[in-house]
There are 2 protein chains.
Amino acid sequence: MKIVALSGGVGGARLVHGLARALAPGELTTIVNTGDDFEHWGLWISPDLDTVMYTLADLADVGRGWGLAEESFAALGMMKRYGEDDWFALGDRDLATHLARTRALRAGETLTEVTARLCAALGITSRVLPMTDGPRPTLIDTVDHGTLPFQQWFVRHRAAPVRRVRFATHPPPAPGVLDAIANADAIVIGPSNPYVSIDPILTLPGVRDAVRKKRVVAVSPIVRGKAIKGPLAEMIRAISAEETGPLAIVRYYAPLLSGIVVEEGEQTAASVRMKPARTVMTTREDSLTLARDVLGFVRELL
Amino acid sequence: MKIVALSGGVGGARLVHGLARALAPGELTTIVNTGDDFEHWGLWISPDLDTVMYTLADLADVGRGWGLAEESFAALGMMKRYGEDDWFALGDRDLATHLARTRALRAGETLTEVTARLCAALGITSRVLPMTDGPRPTLIDTVDHGTLPFQQWFVRHRAAPVRRVRFATHPPPAPGVLDAIANADAIVIGPSNPYVSIDPILTLPGVRDAVRKKRVVAVSPIVRGKAIKGPLAEMIRAISAEETGPLAIVRYYAPLLSGIVVEEGEQTAASVRMKPARTVMTTREDSLTLARDVLGFVRELL
């Protein structure tokens, strides 16, 4: 069964880790948000790609929720001493990823190509695609700080209250993205933030139309009225003036959605089928269990 | 007494450390070879500037002879995993220097400006100037491997036999270099390799003529027929077909030189005055003692 997963950072990455184990080799393609990408210390950083890559390679730091496990921060300490920006913490091993990627991009390699190469070097066997090779910075119109690029908003301003999320550019999806969707038996939208992790993918030219032709299952990122991680609940209230809960996610994806996986005990009447499951993933086994539940639900809907 | 020191890496840097302690604030300007500079992992590396800077800031690793003390190599390990070049070992803290410098150069800062800023951040109070802001790669014509840029020759090919050293470009000296020399009471040539550390400085347009007008004292980098560090003795034999010893250094610098400091017991009859001293520096105290001997000798010659 060919599955395309759409993913942001941590939550999406953990589901993808389970899907990669639950599916046969060659069955999974993950399309990853790159709207959070930015330049820092002269390096090109792709936070969601890195989180997906490190998670798939079993190198991610599970407790901290970002970066690599067994990481050190010697370079960061020295950068502080030089008076360089230190609001975004890059670890020493993590730096290697950004150095290798940046050098490759400057040499003319595409983000798709360098992502494939780095994933292969880390022993990742499923396919990981950036959503686009072009720059597509996600812009956040905030209530108090004007318009900010994603990382400035998310890290530096700690996800300050949002009016609106915008995309300034409309580059084509990366090579392989539309084909992967067209060839998929179903699309799985990971438990990521719809506004800033999934919408950047869906609003690329041609992607929403391609997804619409498929069975689409989302995993709700909302548990007991709160986002498992990040500022999603506040964003739903601010942007959509809706109650936060699985129904807000259903309404958001409505025209695309065949079904949604929600936290056990939170299923309600909805316009699509709801499947209860344990959606909070901490361990590898949590990810595999949820992935199997998601795939079982997908099979019911096909 | 205003002193300009010409320096390559380790030996020159250690003498400069002593000179900075022996002189009053504002009396010392160090002009540093940048012919070994190169790009690696997409970063601009200035090995001799770094060695001088780390040594002056008491951050250098004394045992290893390059890089920072208490250094880690986590990024390097990850770069190897990605299949990136690993023949030049960059430490994690050291990476911060290259990241900060590279970003500044890309933003239009000159090497002189960024060097001053990094030195100030490390608490260095004497003046450190790169020899030039322009690129001036030292090219090594080898016997067996054709023409190599410095680091490829020195690190990757372990200083393979040399036919000739060449400079492909002739950029102007960095701002301040000619003025510093013109205003100096004396020039001290550090115990660095004349061919690949000092000649890159002396052969910049106008530098040799400016130096010629001053009292010039060199510290011999040769002790008991061998270079204290590096392939100098072999280079002297190969390039100049001379016996290796202080006299080879005297002949090399002859038209400029007022005197030379040589290792105790190695003084001979020569065309310039020789001053015996303990020239092998390991500790900070070695550097200070030699610096005082050099400055005493300079005063005798003024």
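**Reading a helix crossing between two chains**

In this predicted model, H3(A) passes H4(B) in a right-handed crossing.

Trainee: How is the packing of two helices described?

Mentor: Two packed helices are described by the angle between their axes and by the distance between those axes. Here, the axes of helix H3 (residues 74-81) of chain A and H4(B) come within 7 Å and cross at roughly 45°.

Trainee: Which residues make the contact of H3(A) with H4(B)?

Mentor: H3(A) contributes A:Ala74, A:Ala75, A:Met78 and A:Met79, while H4(B) contributes B:Asp92, B:Arg93, B:Leu95, B:Ala96, B:Leu99 and B:Ala100. By class, eight of the contact residues are nonpolar, two are charged and none is polar.

Trainee: How many residues does each chain bring to the contact between chain A and chain B?

Mentor: Chain B brings 22 residues and chain A brings 22 residues. On the side of chain B that touches chain A, H3, H4 and helix H5 (111-121) of chain B each give two or more residues. H4(B) gives the most, with nine residues. That side of chain B divides into twelve nonpolar, six charged and four polar residues.

Trainee: Which residues of helix H3 of chain B are buried, and what covers them?

Mentor: The buried residues of helix H3 (residues 74-81) of chain B are B:Ala74, B:Ala75, B:Leu76, B:Met78 and B:Met79. Their cover includes helix H4 (92-106) of chain A as well as helix H4 (92-106) of chain B. Just after H3(B), B:Gly83 adopts a positive phi of about 75°.

Technical notes. Residues numbered from 1 in each chain as written. Chains lettered and ligands numbered in written order. Predicted model: local features only at pLDDT ≥ 70, side-chain atom pairs only at ≥ 80, totals over all residues. Buried ≥ 20, exposed ≤ 12 C-beta atoms within 10 Å, placed from the backbone. Helix = DSSP H or I, 4+ residues; strand = E, 2+ residues; numbered from the N terminus. Contact = placed C-beta atoms within 7 Å. Nonpolar A, V, L, I, M, F, W, Y, C, P; charged D, E, K, R; others polar. Axes fitted to C-alpha atoms, helices over the stretch in contact; angles between N-to-C directions. Left-handed = near helix turned anticlockwise from the far one by under 90°.
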